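Visitor: I have not seen this structure before. Please show it to me, and then I will ask about parts of it.

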Amino acid sequence: MVEIAPSILSADFRRLGEQIATVERAGASYIHVDVMDGHFVPNLTVGPFVVEWVRKATKLPIDTHLMIENPENFIGAFARAGANMISVHPETTYHLDRTINQIRQAGCQAGVVLNPATPLAMIEEVVAEVDYVLLMSVNPGFSGQKFIPSSLDKLRRLRDLIRMKFSPARVEIDGGVGPDNAAEVVAAGAEILVAGSAVFGAENPAEALKDLRRAAESGGRVLA
Ligand code: DX5
Ligand code: ZN
């Protein structure tokens, strides 16, 4: 089954609770929260304080994507704020294995994230230890960017790595995903689709989410 994780980065923050309720009713599986520090990525967004409010707005698991240096310093705070899944980029932490364990000990699912230029080799030694791998199909920092086509080949190679290492990890894709390419990314092996502008940027986010799901599921049929 394909799961959709709308990213609140594209939501209207004047009515965040309402927007989250809309996508929850429309069948979203997770709420994706993009945390940026202005160092690792050229943008600043939200921290544990906003995650606390997201927690009050939904029963869905909160998928927290940390684009911050030294994420190990904030894992406890995000877990206490109500995050259920926490992912980190290998470039941001000296001891990736320790950071993954820390996420688990805080009671969250642990994920690792690969930038478009970051080779799969960066996660080879830990892929068996994580719950999910998040593949960036744009350079992180902003929503509304164009999907990088070589991500499809990387997705397929990521699936091979996961199989080779007997890893239980699920595969999530993030950046430029919409109804036009959802079938392709699912056929290439993505199981969770993050969607910012394709959902919250649309006139009708609930309809947009359903369109995206329909498109994604047609990719699943190609696989089967
Ligand atoms: C980008 C973020 C994404 C972003 C996706 O750094 O990680 O989650 O919100 O937005 P779209 O789907 O518009 O590319
Ligand atoms: Zn993200």
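Visitor: In which helix is alanine 183 found?
Guide: This is a predicted model, in which local features need pLDDT of at least 70 and side-chain atom pairs count only at pLDDT 80 or more, while totals for chains, interfaces and linings use all residues. Residues are numbered from 1 along each chain as its sequence is written, chains are lettered from A and ligands numbered from 1 in the order in which they are written, and side-chain values use heavy atoms, with hydrogens and water left out. Helices (H or I, at least four residues) and strands (E, at least two) are DSSP runs, numbered from the N terminus. Alanine 183 belongs to residues 182-187, which form helix 6.

Visitor: Which residues does alanine 183 touch, not counting those up to four places away in sequence?
Guide: Buried means under 20% relative accessible area, exposed over 50%, and partly exposed in between (1.4 Å probe, protein chains only). Alanine 183 has 25% relative accessibility and so counts as partly exposed. With contact taken as heavy atoms within 4.5 Å, its partners are Ala215, Ala216, Ser218 and Gly219.

Visitor: Is arginine 213 buried or exposed?
Guide: Arginine 213 sits in helix 8, residues 205-223. Beyond its neighbours within four places in sequence, arginine 213 contacts Val2, Ile4 and Gly27. Its relative accessible area is 17%, so arginine 213 is buried.

Visitor: Which protein residues are donors of the zinc ion (ligand 2)?
Guide: Donors are N, O and S atoms within 2.8 Å of the metal (3.2 Å for Na, K and Ca); water is not among the atoms, so sites may look incomplete. Along the chain, the donors of this zinc ion follow the spacing H-x1-D-x30-H-x108-D. Lying 2.0 to 2.3 Å from the zinc ion, they are His32 (NE2), Asp34 (OD), His65 (ND1) and Asp174 (OD).

Visitor: How many residues apart in sequence are the parts tied together by histidine 32 and histidine 65?
Guide: Both histidines are buried. Histidine 32 lies in strand 2 (residues 31-36) and histidine 65 in strand 3 (residues 62-67), so the pair ties together parts whose separation in sequence is 33 residues.

Visitor: How many residues of strand 3 are buried?
Guide: Ile62, Thr64 and Leu66 are buried on one side of strand 3, and Asp63, His65 and Met67 on the other. Strand 3 is therefore largely enclosed by the rest of the structure, the buried count being six of the six.

Visitor: What is the bridge partner of methionine 36 in strand 3?
Guide: Strands 2 and 3 run parallel and are joined by six bridges; two strands pair if DSSP finds at least two bridges between them. For methionine 36, the partner in strand 3 is methionine 67.

Visitor: What is the relative accessible area of phenylalanine 166?
Guide: Phenylalanine 166 is placed in the loop between helix 5 (151-164) and strand 7 (170-174). Its phi is positive, about 50°, although it is not a glycine. Phenylalanine 166 is exposed, because its relative accessible area is 76%.
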